[in-house]
Amino acid sequence: MISVFTRIVRGEIPAFKLYEDDLTLSFLDINPAARGHALVIAKPELPGLLDLPPELVSAVALTTQRVARAIVEALKPDGFNVIQNNGAAAGQVVFHYHVHIIPRWEGDRLVKLWRSGTMSMDDLRAVADEILAHI
Ligand code: 5GP
């Protein structure tokens, strides 16, 4: 089954496009969290970050910076979030790789993605060691 984003790439579904090149496409999110909430997708239909070859990781990052700069210049937010969900547990709904750019204004009602926790130095070292074994 083809993704809704592939259908946008093919022009089968309308979208407010912001930028396009051979590897990436950016357009407004249809259900925006804020005015100017944009998506940047990799054109090939790959589900998540770990599925992307290096050239697509780079291409999406460059398009994200380009579109974020345009959003900042046009809308003058106080800041912006770049968020990318991988897997249903992380909130991913469309399994076609994409990055969210969400403009933020002081006092807006959006919530932070996490609450800061605490961890002992021993536990921090242990988790670092687990990850380091795979770097
Ligand atoms: P996810 O939760 O997968 O990271 O985010 C998927 C995003 O895609 C959602 O914010 C949703 O509003 C957006 N979206 C889903 N379908 C469409 C569509 O047909 N057009 C556009 N422009 N955005 C869509």
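Let's start at the ligand. Helix H1 (4–9), strand E2 (24–28) and strand E5 (98–104) each give at least two residues to the shell around the ligand. Helices (H or I, at least four residues) and strands (E, at least two) are DSSP runs, numbered from the N terminus.

A word on the source. This is a predicted model: local features need pLDDT of at least 70, side-chain atom pairs count only at pLDDT 80 or more, and totals for chains, interfaces and linings use all residues. Residues are numbered from 1 along each chain as its sequence is written, and side-chain values use heavy atoms, with hydrogens and water left out.

Back to the shell. H1 supplies the largest share, three residues. By type, the shell holds nine nonpolar, six polar and one charged. Here Ala, Val, Leu, Ile, Met, Phe, Trp, Tyr, Cys and Pro count as nonpolar, Asp, Glu, Lys and Arg as charged, and the others, Gly among them, as polar.

Now the atoms. A ligand nitrogen sits 2.9 Å from a polar backbone atom of Leu28. A ligand oxygen is 2.7 Å from a side-chain N or O atom of His98. For His100, the side-chain N or O atom is 2.8 Å from a ligand oxygen. Alone, the ligand exposes 520 Å², and the protein buries 83% of that. Areas come from the Shrake-Rupley method with a 1.4 Å probe; for residues, only the protein chains shown count as cover.

Last, Ile135. This residue lies in the segment after helix H3 (121–132). Is Ile135 buried or exposed? Ile135 counts as exposed because its relative accessibility is 83%; the cut-offs are under 20% for buried, over 50% for exposed, and partly exposed in between (1.4 Å probe, protein chains only).

Technical notes:
Polar contact = N/O pair within 3.5 Å; in protein donor to acceptor, adjacent residues only side chain to side chain.
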